[in-house]
Amino acid sequence: MDRRPGLSVRLKLTLSYAGFLMLAGALLLAAVWVFLLRGTPTSYSFPDLSNLPLVFQRGSFGPAVFGPAAVVVMAFLLVFGLAGGWVLAGRMLAPLTRVTNATRMAANGSLSHRIRLPGRSDEFRELADAFDSMLAQLEAHVAEQQRFAANASHELRTPLAISKALLDVARTDPDHDTGELVDRLHAVNTRAIDLTEALLLLSRADRRSFTREPVDLSLVAEEAAETLLPLAEKRGVTIETSGDFTPMIGSQPLLLQLATNLVHNAIVHNLPANGHVWVATSVRTRTVVLTVENTGEKLTHELVSTLTEPFQRGAERISTDHAGVGLGLAIVKSITQAHGGTLTLAARAAGGLRITVKLPAAPPHTGG
């Protein structure tokens, strides 16, 4: 944005300091001038104001003696005010200069720089601390986006490379079993399509471009559990659902995707046999809660803290037959944030994972 050149803040503050100092000096000299009037005072505090015209007579004490002295004093106050104001303004605005330099560095791509302004708390230090916090969040966000782009490129390149290899085999070996080749190509393309759809869903949730409507989260959770019941029975996992009416405002398709991802994750990453999944919904003050727990291997805190990052499955999760594309919990996190909620992951002491989603409840008049 182009702007016309103007006075710097430091110069404005300097002129303001000097101006106020001159005004205070003028008022003080005027008061002294009045109280030095010759004549008989009517009280100990005020002179005889009837003698006020004597101040302007050339032969009087005022113009002849006090006037030149006042000019000298005012000139000194002007110089002192400008010099002192310039120094004081510079010292006061020094933290702002550091903030400006840090802003320029950030604009040039250096997000690792921090101001770290020393001293006690004041407006400038609060600004510097807020700016440092913003830089830290931006740096983390950019790093996350870079990891996401690299992982997405890798995940998309893998099925394409496999497809190319299969097609090369078919071209160089015409006698190869085409039925097996077609099946493998179908599986690879299905995975690529699933990954692309997951990326689109993640982008849609991040943009928050969806229609909001009244939703009962308990029904959404039950629908997700019923949909995945065949998979649970196939893997020997028991699903238990419980909960009351949990009204909220949001996107029913996205919330169904959220619940489906959570239940699917709980089923797939469970014990090899006799596993359990608990799905519960509840209502708290202005909040609806969806909790999904499952049995399974014991997880470390470090691993749990990374599970919501895109393409992070955990070392023991990649080899499973239903490992997915690594975006399940990342999509859950984006949908939760898009609805103004919070997502919490915690390892269970007995093994497995407890995932809690807290979302804003619907106002009373929209709950029906």
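Analyst: Let's begin with two terms. Helices (H or I, at least four residues) and strands (E, at least two) are DSSP runs, numbered from the N terminus. Two strands pair if DSSP finds at least two bridges between them. What you see is a predicted model, in which local features need pLDDT of at least 70, side-chain atom pairs count only at pLDDT 80 or more, and totals for chains, interfaces and linings use all residues. Residues are numbered from 1 along each chain as its sequence is written, and side-chain values use heavy atoms, with hydrogens and water left out.

The chain's secondary structure comes to nine helices and seven strands. Five strands form an open sheet with mixed pairing, in the order S2-S4-S5-S7-S6. At its edges are strand S2 (237–243) and strand S6 (342–347), each pairing on one side only. On average, neighbouring strands of this sheet are turned by 10° against each other, direction ignored; axes here are lines fitted to C-alpha atoms, for helices over the stretch in contact, and angles run from 0 to 180 degrees between N-to-C directions.

Now let's cross the sheet. Strand S4 (residues 275–284) and strand S5 (residues 287–294) run antiparallel and are joined by eight bridges. Ala280 stands opposite Thr291 in S5. Thr291 also has a bridge partner in S7, namely Thr356. S5 and S7 run antiparallel, with eight bridges between them. Six bridges join S6 to S7, again an antiparallel pair, and here Thr342 stands opposite Lys358 in S7. The hairpin of S6 and S7 has five residues between the strands, and Gly351 there takes a positive phi near 110°.

Contact means heavy atoms within 4.5 Å. Helix H9 (residues 328–338) lies across S6 and S7 and runs at about 140° to S6.

The loop between H9 and S6 holds His339. Is His339 buried or exposed? His339 counts as buried because its relative accessibility is 5%; buried means under 20% relative accessible area, exposed over 50%, and partly exposed in between (1.4 Å probe, protein chains only). A polar atom of its side chain lies 3.0 Å from the backbone nitrogen of Ser251.

In the segment after S7 you will find Ala361, which is partly exposed, with a relative accessible area of 24%. Leaving out residues up to four places away in sequence, Ala361 touches Pro247, Met248, Arg286, Thr287 and Val288.

Finally, the core. A nonpolar core is a set of buried Ala, Val, Leu, Ile, Met, Phe, Trp, Tyr and Cys residues joined through side-chain atoms within 4.5 Å. The largest one has 48 residues, and Ile239, Leu262, Ile267, Val277, Val279 and Leu290 touch the most other members. Helix H7 (residues 252–268) gives the most to this core, with ten residues. Beyond its neighbours within four places in sequence, Leu262 is in contact with Leu290, Val292, Leu329, Val332, Ile355 and Val357.

Methods
Polar contact = N/O pair within 3.5 Å; in protein donor to acceptor, adjacent residues only side chain to side chain.
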